[in-house]
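Colleague: I am new to this structure. Please put it on the screen, and let us read it feature by feature.

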Amino acid sequence: MEHLFITLLILLVCFITFFLFIIFYKHKSQYKYPNLPPGNWGLPYVGESLEFLSSGWKGHPEKFVLDRCCKYSSEVFKTNLLGQPAAVLCGSSGNKFLFSNENKLVQAWWPESVDKIFPSSLQSSSKEEAVILRKLLPQFLKPEALHRYIGIMDSIAESHFSSEWENKKEVIVFPLAKKYTFWLACRLFLSLENPIHIAKLAEPFQVIASGIISIPIDLPGTPYRKAIKASKFVRRELVSIIKQRKTEMASGNASNTQDILSHMLISCDENGKFMNELDIADKILGLLIGGHDTASAACTFVVNYLAQLPHIYDAVYKEQMEIAKSKGKGELVNWEDIKKMKYSWNVACEVMRIAPPLQGAFREAITDFTFNGFYIPKGWKLYWSANSTHKNAKYFEEPERFDPTRFEGKGPAPYTYVPFGGGPRMCPGKEYARLEILVFMHNLIKRFNFQKIIPDEKMIVDPLPIPAQGLPIRLFPHHSP
């Protein structure tokens, strides 16, 4: 019986290897071009994907890119990622090139597997859906609108810290930060306030986030299959919320402009066609993922570095307590208060330099072109990495040293600090993220000092940067004089 099992296992391995080689040689014409960038294709089909992903799992996400930049070229190298021939553009010149040539030489690209998690009832790709969504967002992410959200953010933060942090000796930061940012997104995008309803959505959203960049194996028990299943559940819940909102708007119990959901319900395309419920659910699904995941990682690492660096904590505490003492009882944070949080924001920026929530992103070449003298064929994937500049001594002196003063005055040179991307595809929620991070810092600092329980806790990237154990901390409440 044991010999039969070994024989079957060998046959299975041979079959998989043969299958991968067939796919590889079917597409190998994509790899035969003159004057390609230097680099290594790695294994057939999978290329260097495992090294790319495992560098993050091991806590050194910058290693994959920086090692190859040193070995092959300081500007660009070729590889194979996610089954695709790719060129990785490094440094500020690579960032500038990609950000400046959006929709000219390159366009956004996601693996086809992402479309299974974010399907569209219009049968358009996730890329096309993202373009549509970007056109809907400006009204709700422009400064005037965001200023109105600050009080709501502060009110939610007050409730969050009262219920989840106060009267506790120890907490685990990462899941609490996710709870805070998800609560905000549900309230501001959907006007959803019922804690039970929000909690019902929160868990499947975490499953979706974990499965988006997982290995796309659609088998029972895999993160990818779980993410597909969770997205179906969330979509059904969102359709139910959408139907209810339609009824409320028809009866005058909800405003046409109260949130992004209402705006989507009254928006139509150039032909006068309105989106149906599934279209809206798909867009809200993507918006809720993007609207809370990266900010929760940033909030977590703010706590990490404040706990690690007492002199930084003291400076932030001084700034935040001056604001807190200027407020009357029950008075919420406003735009004028946010403008006073300059040092706090410099600290958050330095956190996002060392642990960027967005590690990088893919583009696709829509025509042949050359970069730095090397040929990039149409159809190739391009990847830019935040760490190629953030962790590079060429752009940031002593890059491992935590120094918020880097952001004083004019700040870093253009195209070197890119936690939100750049160009036309810069994250439209950048200012929204700034407000929710600062409101989080204000409510945290005015209540507690804190200490890491695991002093040397490792950071992993999967796909967001997170502390390996979720960042458990010990809380020391401030005593009122």
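Colleague: What is the torsion about the S-S bond of C69 and C90?

Modeller: It is about -90 degrees, so this disulfide is left-handed. In general, a disulfide is a covalent bond between the sulfur atoms of two cysteines. Here the rule is a pair of cysteine sulfur atoms within 2.5 Å. C69 and C90 meet the rule, with their sulfur atoms 2.5 Å apart. The protein has 1 disulfide by that rule.

Colleague: How far can I trust such details?

Modeller: This is a predicted model, so local features need pLDDT of at least 70 and side-chain atom pairs count only at pLDDT 80 or more, while totals for chains, interfaces and linings use all residues. Residues are numbered from 1 along each chain as its sequence is written, and side-chain values use heavy atoms, with hydrogens and water left out.

Colleague: Which parts does the pair C69 and C90 tie together?

Modeller: First, the terms. Helices (H or I, at least four residues) and strands (E, at least two) are DSSP runs, numbered from the N terminus. C69 sits in helix α3 and C90 in the loop between β2 and α4, so the bond links parts 21 residues apart in sequence.

Colleague: Is C69 buried or exposed?

Modeller: Read the relative accessible area: buried is under 20%, exposed is over 50%, and partly exposed lies in between (1.4 Å probe, protein chains only). C69 has 9%, so C69 is buried. C90 is buried too, at 1%.

Colleague: What about the protein as a whole?

Modeller: It has 481 residues, and 52% count as buried. Its secondary structure comes to 18 helices and 12 strands. The accessible surface is about 23,000 Å², with 58% belonging to carbon and sulfur atoms. Such areas come from the Shrake-Rupley method with a 1.4 Å probe, and for residues only the protein chains shown count as cover.

Colleague: How do I read contacts along the sequence?

Modeller: A contact means heavy atoms within 4.5 Å. Take contacts between residues at least 6 apart in sequence: 70% of them join residues at least 24 apart.

Colleague: Now the sheets. What is the order of the open sheet of 5 strands?

Modeller: Strands of a sheet pair through backbone hydrogen bonds, either parallel or antiparallel. Two strands count as paired if DSSP finds at least two bridges between them. The order here is β1-β2-β8-β5-β3, with mixed pairing. β1 and β3 are the edge strands, each pairing on one side only. From one strand to the next the twist averages 35 degrees.

Colleague: How does β5 sit in that sheet?

Modeller: β5 pairs with β3 (residues 106-108) in the antiparallel sense over 3 bridges. There A108 has R363 as its bridge partner. β8 (residues 381-385) also runs antiparallel to β5, joined by 5 bridges. In β8, L382 is the partner of R363, and K381 stands opposite E364.

Colleague: What lies across these strands?

Modeller: Helix α4 (residues 91-100) lies across β2, β3, β5 and β8, at about 130 degrees to β8. The axes are lines fitted to C-alpha atoms, for helices over the stretch in contact, and angles run from 0 to 180 degrees between N-to-C directions.
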